[in-house]
Amino acid sequence: MLKNSLCATQAAETMEGSVLTKGNQRQQNTQRTQSRASVQSALWRIREAAKKDRKERFTCIYHHICSVDSLREAFYALKRDASPGVDGETWRHYEETLEDNLQDLSARLMRGYHAKPVRRVYIPKADGRQRPIGVPALNAIYEVDFAGFSYGFRPGRSQQDALNALNTGLMHKVNWVLDADIRGFFDTIDHEWLIRFVEHRIADQRVVRLIQKWLKAGVQEDGKWRQCDEGTPQGGSISPVLANLYLHYAFDLWVHWWRRRPGRGNIIVVRYADDFIVGFQTQKDAEQFRGDLKLRLAKFKLELNPDKTRLLEFGRFASENRVRRGEGKPETFTFLGFTHICAETLVGKFTVWRHTERRRMTAKLEALKAELRHRLHAPMPAVGKWLASVLRGHYNYYGVTSNSKALGAFRYHVSRLWYRTLRRRSQRARLNWERMDRLIRKWLPPARVVRTVLEKRPAV
């Protein structure tokens, strides 16, 4: 299974590798540095060729996937602690005889690689459902084609970039927002359409067949194999790029054409993988777009989730208009873990507040509660350092000016969870709050705002 992931990672643009783990020999480090230079040089040439001619089809790129240097670079881009697949192979064990394994994998790729099924596990979602995650990315060719408003799983782009882009559009350009959700997107991607999209740029049939093998390998769930005639396994190295590719042709190019039609007002789009927000200057455009979007998605075997797709008035004039009609405050919407709210500054100017999505915070606290129980008898400093890293990560993502109260609330709840866990460690020496307060001040960093203003106006 790790070999599936390794091949898929190489088939996409090689990620920036992490440093070698302790104990690797200097010879390996030198070898890896040299291979990285050659891989990056090859990828640069492919990228430049794709950029020079947007209609060029690449006929001979399979050897870039099969080379030992490329596979080595892909290996070090994989997560070291990811769960093993159906073959039980782990990153650490594969590394022990890495060069032999890579030589063998390269040879089998040249002969004709047989993809193994994906071991499917489930992770809970904040709304109580579970999303399947596969444990197997395409080539950097498509990166030069993707739209500026597409942010998910792309090098140099992040969720914060998408949120900043959305904030720019909401502040200055729109009065209506379509909060859309595609029903079961990763599970309903049509393989026939996907391969047609791949072949727009890749004429090397060996690469196409390799992608088809990954798609048709199926999943293993609860010890049973099941064939998959549609969808891509989430969590796999190849799925994000294939998903972006599918939506690039099914959604992005069409949206770009639709909003440039005569008579349209301002229209903004921000997409992160299958989550996207579309903003409109006029209600007429918003309502027409929603109807046209349903038809467009249906052509590619996709559909909007009616329970999660809403059209709402949101923007500079939303509060004033709704008060005049006696409809109360503007509705809110969530995107990438934040609830977006129409608000005003102290001097009465329109602004957008972002608060941590309540369900997201609740789910994270439940996960922390379970992990604290698992670490019940771990040394206090170890648990303190781990909780400090959790809080710093939370602040780095959610630390925006309008969210300071929610940051403080998260730290408070984490403190209470740790307190309750420590009181279970001993029935004789009960921990009082005074001592707990000293532990909190020692280990848990105070809530802090990380970002206050936009440094640039991102693409929307």
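Predicted model: local features only at pLDDT ≥ 70, side-chain atom pairs only at ≥ 80, totals over all residues.

Visitor: In what order do the strands of the open sheet lie, and which are the edge strands?

Guide: The open sheet has three strands in the order β9-β10-β11, with antiparallel pairing. The edge strands are β9 and β11, each of which pairs on one side only, and from one strand to the next the twist averages 40 degrees.

Visitor: What packs on the sheet?

Guide: Helix α7, residues 159–172, packs there and touches β9, β10 and β11, while its direction makes about 150 degrees with that of β11.

Visitor: How should I read the pairing of β10 with β11, and how many bridges does it have?

Guide: β10 and β11, the latter spanning residues 350–356, pair in the antiparallel sense over seven bridges. Along this pairing Glu-344 stands opposite Phe-350, and Ile-341 stands opposite Trp-353. Five residues lie between the strands in this hairpin, where Gly-348 takes a positive phi near 85 degrees.

Visitor: How many bridges join β9 to β10?

Guide: Three bridges join β9, residues 333–335, to β10, and the two strands run antiparallel. Phe-335 has Phe-338 of β10 as its bridge partner, and in the hairpin, with two residues between the strands, Leu-336 takes a positive phi near 55 degrees.

Visitor: Why is strand β10 described as largely enclosed?

Guide: As a general idea, side chains in a regular strand alternate between the two faces of the sheet. In β10, residues 338–344, five of the seven residues are buried, so the strand is largely enclosed by the rest of the structure.

Conventions
Residues numbered from 1 in each chain as written. Heavy atoms only, no water. Buried < 20%, exposed > 50% of the residue type's maximum accessible area, 1.4 Å probe, protein only. Helix = DSSP H or I, 4+ residues; strand = E, 2+ residues; numbered from the N terminus. Pairing = 2+ DSSP bridges. Axes fitted to C-alpha atoms, helices over the stretch in contact; angles between N-to-C directions. Contact = heavy atoms within 4.5 Å.
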